[in-house]
Amino acid sequence: MNASAYDFTATGQPRLQGKRALITGAGSGIGSAIAELFAREGADLVLLDLTAAPAKAVGERLMETTGRRVMAVGADVSSSTQVDAAFAEALDAFGGLDILINCAGVNVFGDPLQTSEQDWRRCLDTNLTGAWHCIRAALPSMLAASYGHIVNIASVHGHKIIPGAFPYPVAKHGLIGLTRSLGIEYAARGIRVNSISPGLIMTPAAERYFQSCPDPEAERRHQAELLPCKRIGRPEEVAYAALFLAGDEARFINATDVLIDGGRSQIYHD
Ligand code: NAP
């Protein structure tokens with residue numbers, strides 16, 4: 001049989017072997033699941049979180065279990081000064097970055113007219129401006145290498161509106177806009193920018209939401225029942241999509257968004 005006409009170069013190899021990835025929000029939930037999967041697939045990691053301690057704890061476990069190089073940095077993504085300092089430290093230590101995952105985020109849900117200026121800013125500054133700060137800090141070295149894969153963790157709230165969840169959907173719509181805009185802007189120079197929009201995923205943030213409800217177990221059952229597959233998603237199910245989008249297998253996928261919500265957002269009426 002003739003040699004394959006297809007270029008399946010990744011087959012049989014760890015899928016991120018030798019890649020250097022920086023993941024924000026890596027100390028918890030979806031970010032820590034992405035960190036674990038990426039390390040298992042051969043990537044060296046910079047784990048960024050609001051404070052270095054949770055990222056350091058994740059990093060120490062991954063270094064022990066996977067043998068990869070992992071460094072933890074503390075920075076508030078809403079501060080461009082802190083982001084620039086953290087990326088300078090990471091670039092100095094790793095010599096460059098191949099992958100950036102913007103996962104740091106906060107839930108700010110409320111009634112529009114009850115939303116304080118402070119909550120509006122906290123929501124937009126973390127969920128949208130924070131991703132831009134990180135992309136802006138990573139781009140010069142990625143452009144110099146003509147290589148970089150960026151994945152922003154948006155939300156199903158970036159596609160559909162749940163009343164009373166303001167202003168979180170404003171920020172997540174913006175993050176999908178940022179993804180499309182920068183994906184096109186730098187496509188010819190070796191950079192891809194995509195986003196993932198998870199539906200409800202069982203993480204510490206989701207657990208905090210359930211615990212804030214008068215009957216957490218009833219709310220958990222209600223949320224699962226709303227999903228066509230009748231169960232809430234898991235962080236590793238988002239991590240597998242991030243692995244695909246951040247790797248060379250997805251090299252023709254750019255400036256787009258992948259919904260991971262068990263199909264819920266396709267339902268017209270619940
Ligand atoms: P999580 O468990 O709370 O993890 C978020 C991480 O981001 C935490 O470690 C948090 O640190 C960190 N973080 C928050 N603000 C930050 C800041 N200003 N600078 C740096 N780090 C910051 O949340 P998650 O559920 O895994 O969510 C991860 C991402 O997925 C978020 O962008 C979220 O909007 C998105 N998402 C989640 C769901 C879901 O159902 N879970 C659905 C759709 C989208 P602290 O713990 O110290 O605050």
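Strands here are DSSP runs of at least two residues, numbered from the N terminus. The model shown is predicted.

**View 1**
Thr24 lies in strand E1, which covers residues 20-24. With 1% relative accessibility, Thr24 counts as buried, because the cut-off for that class is under 20%. Its side chain has a polar atom 2.9 Å from the backbone nitrogen of Cys103. The side chain of Thr24 also reaches the backbone nitrogen of Ala104, again at 2.9 Å.

A polar backbone atom of Cys103 is 2.9 Å from an oxygen atom of the ligand. Ile201 also contributes a polar backbone atom, 2.8 Å from a ligand oxygen. A nitrogen atom of the ligand lies 3.3 Å from a backbone N or O atom of Leu50. Taken alone, the ligand exposes 880 Å², and the protein buries 87% of that.

**View 1**

**View 2. An aromatic pair, Phe109 and Tyr168.**
The whole structure holds 3 aromatic pairs. One of them joins Phe109 and Tyr168. Phe109 belongs to strand E5 (residues 109-110) and Tyr168 to helix H5, so the pair ties together parts that are 59 residues apart in sequence. Are the two partners buried or exposed? Tyr168 counts as buried, at 10% relative accessibility. Phe109 counts as partly exposed, at 37%.

**View 3. Arg69 over the ring of Phe94.**
This view turns to a charge and a ring. Arg69 lies over the face of Phe94. The distance to the ring centre is 4.5 Å.

**View 4. The cis peptide bond at Pro167.**
Most peptide bonds are trans. The bond that joins Phe166 and Pro167 is cis. Its omega is about 0°. Pro167 is found in strand E7, residues 166-167.

**View 5. Ser146, a positive phi in a loop.**
Most residues other than glycine have a negative phi. Ser146 is not a glycine, yet its phi is positive, at about 55°. Where does Ser146 lie? Ser146 is in the loop between helix H4 (117-145) and strand E6 (148-153). Ser146 counts as partly exposed because its relative accessibility is 47%, between the cut-offs of 20% and 50%.

**View 6. Lys230, with a positive phi.**
Lys230 has a positive phi near 60° and is a residue other than glycine. Lys230 sits in the loop between helix H7 (216-226) and helix H8 (235-246). At 45% relative accessibility, Lys230 counts as partly exposed.

Conventions:
Residues numbered from 1 in each chain as written. Predicted model: local features only at pLDDT ≥ 70, side-chain atom pairs only at ≥ 80, totals over all residues. Heavy atoms only, no water. Polar contact = N/O pair within 3.5 Å; in protein donor to acceptor, adjacent residues only side chain to side chain. Areas by Shrake-Rupley, 256 points an atom, 1.4 Å probe, with all protein chains shown as cover. Phe/Tyr/Trp six-rings, centres within 6.5 Å; stacked < 30°, edge-to-face > 60°. Helix = DSSP H or I, 4+ residues; strand = E, 2+ residues; numbered from the N terminus. Buried < 20%, exposed > 50% of the residue type's maximum accessible area, 1.4 Å probe, protein only. Lys NZ or Arg CZ within 6 Å of the ring centre and 35° of its normal.
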